[in-house]
Structures are given as structure tokens and as C-alpha cells.
Amino acid sequence: MVDATTKKALSSIPICRTKAGPREKDLWVSRLKEEYVGLIKYVENNKSQDNDWFRLESNKDGTRWFGKCWYIHELLKYEFDVEFDIPVTYPVTAPEIALPELDGKTAKMYRGGKICLSDHFKPLWAKNVPKFGVAHAMALGLGPWLAVEVPDLISKQLIQHKDDSTQSASATASS
């Protein structure tokens, strides 16, 4: 199920050891530190391999995450807002990652732009509680989803590169 490249990337992401969610205030601080260590390491690894594809930050409590992700297709960068909340039952329950601007454009998405991860990612997450964290959700959830869905959405002309949409909007305005 997981290819060699993904296994290598996963093995370089530190695992989380603290089984705590936002409700366990004292333990949550420890878990949040582990989350940041994992994310920082994953981003550093991606940058060193010229595979930088997202930026994330959280609110002060670490319960709401937001940022940008992007996918390069035919040398064009497609950028999207990404957001998710940490579930109250985290880490037993994986976060539901959303790309709001793609809401309704693919069948592999739920209302509000939440990407469908139930078939492949969620069973893997469940087997790895509490080891998996936000970095793992990005690596095994959002990354593969973007790789499959973005080229498909482009081929169906459901999304356009921002330069294309700017040019078509200015051509329409000048007509």
C-alpha cells in the first residue's frame, strides 16, 4: 500500500508518544510540542529534497490549523488554502483536512471542502494511534490526495491556474 518513497519520508518524521487531545490540558502541551517537532522535521526534509509543498500554522491552543498547500502540474503551481480543526477525540480521531475553495469540485470531498480520506488514510491512522500526528496527516493524507485529484480537476477544467484565470478575466473585461 505504501511505496518506498513514502516509507522513507515517513521514517524521517518523528513519531508522537503522548496520547493526548485538546481536552487533556497539561498533556496537550506536550503533544503539541511533539506535533511541531514532527512538522518542522517533515518540512525540513521536504525542502532538502526540493519537495516543499505546504505551510501550516496553528492558533495559540493548537486546535485550529491553517495555511497554504500547493501542487506543481506541468510546471504550473496551483495553490490552495488548507485548514482543519483538531478533533476533541484526537489523536484517536484523525483531523479532517479541508481545501474550502475546491468544495463541490470532486466526488472525493465532503461538504465544506473536507477531503475524503476514509478508504486509505483513516485505517492507517487508526493502526498508528498515538504515533501519527499532523505531519503524518499531511504526508499520508493531503499529499497523496493532491497528487491524484489536482491533475484530474485540471484535466476536467474544474480548476485553472491563477494566470489563466487572470488572463481570461482581463480578456472578458476588455471585450
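Biologist: What counts as a cavity here?
Modeller: The model is predicted. On a 1 Å grid over the protein atoms alone, a cavity is a set of points where a 1.4 Å probe fits but cannot get out.

Biologist: How many cavities of 30 Å³ or more are there?
Modeller: Rolling a probe the size of a water molecule over the atoms shows where empty space is left. The cut-off is 30 Å³ or more, and by this rule the count is one cavity.

Biologist: What is the volume of the largest cavity, and which residues line it?
Modeller: Its lining divides into three nonpolar and three charged residues, with no polar ones. The volume of the largest cavity is about 30 Å³. The lining residues are E96, Y110, K114, I115, L117 and K122.

Biologist: What is the volume of the largest pocket?
Modeller: A pocket, unlike a cavity, is an open set of points. The largest pocket has a volume of about 540 Å³.

Biologist: Which residues lie closest to the centre of the largest pocket?
Modeller: The lining holds 23 residues. By class, eleven are nonpolar, eight polar and four charged. Closest to the centre are Y42, N46, N51, W53 and G143.

Biologist: Which element gives the most to the lining of the largest pocket?
Modeller: Four elements each supply at least two lining residues: α1 (4-11), α2, β2 and α4. The top contribution is six residues, and it comes from α4.

Biologist: What is the strand order in the open sheet?
Modeller: Strands of a sheet pair through backbone hydrogen bonds, either parallel or antiparallel. In this open sheet of three strands the pairing is antiparallel, and the order is β1-β2-β3.

Biologist: Why is one side of β1 and of β3 left without a neighbour in the sheet?
Modeller: β1 covers 54-58 and β3 covers 76-85. Both stand at the edges, so each has a single partner strand. Neighbouring strands of this sheet are turned against each other, direction ignored, by an average of 15 degrees.

Biologist: How many bridges join β2 and β3?
Modeller: Strand β2 spans residues 64-73. W65 has F84 in β3 as its bridge partner, and H73 has L76. The antiparallel pairing of β2 and β3 runs over ten bridges.

Biologist: Which residue in the turn between β2 and β3 has a positive phi?
Modeller: These strands form a hairpin with two residues between them. The phi is about 50 degrees, and the residue is E74.

Biologist: Which residue takes a positive phi in the hairpin of β1 and β2?
Modeller: β1 and β2 pair in the antiparallel sense over five bridges. One of the residues paired is R55, whose partner in β2 is K68. Five residues lie between the strands, and the positive phi, near 75 degrees, belongs to G62.

Biologist: At what angle does α4 run to β2?
Modeller: Helix α4 covers residues 134-155. It lies across β1, β2 and β3. Its angle to β2 is about 45 degrees.

Biologist: Over which residues is the pLDDT below 50?
Modeller: The chain averages a pLDDT of 90, and 93% of the residues score at least 70. One stretch falls below 50, with zero contacts in the model beyond near neighbours in sequence: residues 169-175. Where pLDDT is low, the predicted coordinates should not be read in detail. The stretch to treat this way is 169-175.

Technical notes. Residues are numbered from 1 along each chain as its sequence is written. This is a predicted model: local features need pLDDT of at least 70, side-chain atom pairs count only at pLDDT 80 or more; totals for chains, interfaces and linings use all residues. Side-chain values use heavy atoms; hydrogens and water are left out. On a 1 Å grid over the protein atoms alone, a cavity is a set of points where a 1.4 Å probe fits but cannot get out, and a pocket is an open set with protein on both sides within 12 Å along at least five of seven lines; lining residues have an atom within 4 Å of a point. Grid points are joined across faces, edges and corners, and a volume is the space filled by probe spheres set on the points. Ala, Val, Leu, Ile, Met, Phe, Trp, Tyr, Cys and Pro count as nonpolar, Asp, Glu, Lys and Arg as charged, and the others, Gly among them, as polar. Two strands pair if DSSP finds at least two bridges between them. Axes are lines fitted to C-alpha atoms, for helices over the stretch in contact, and angles run from 0 to 180 degrees between N-to-C directions. Contact means heavy atoms within 4.5 Å. pLDDT is the predictor's confidence in each residue, from 0 to 100.
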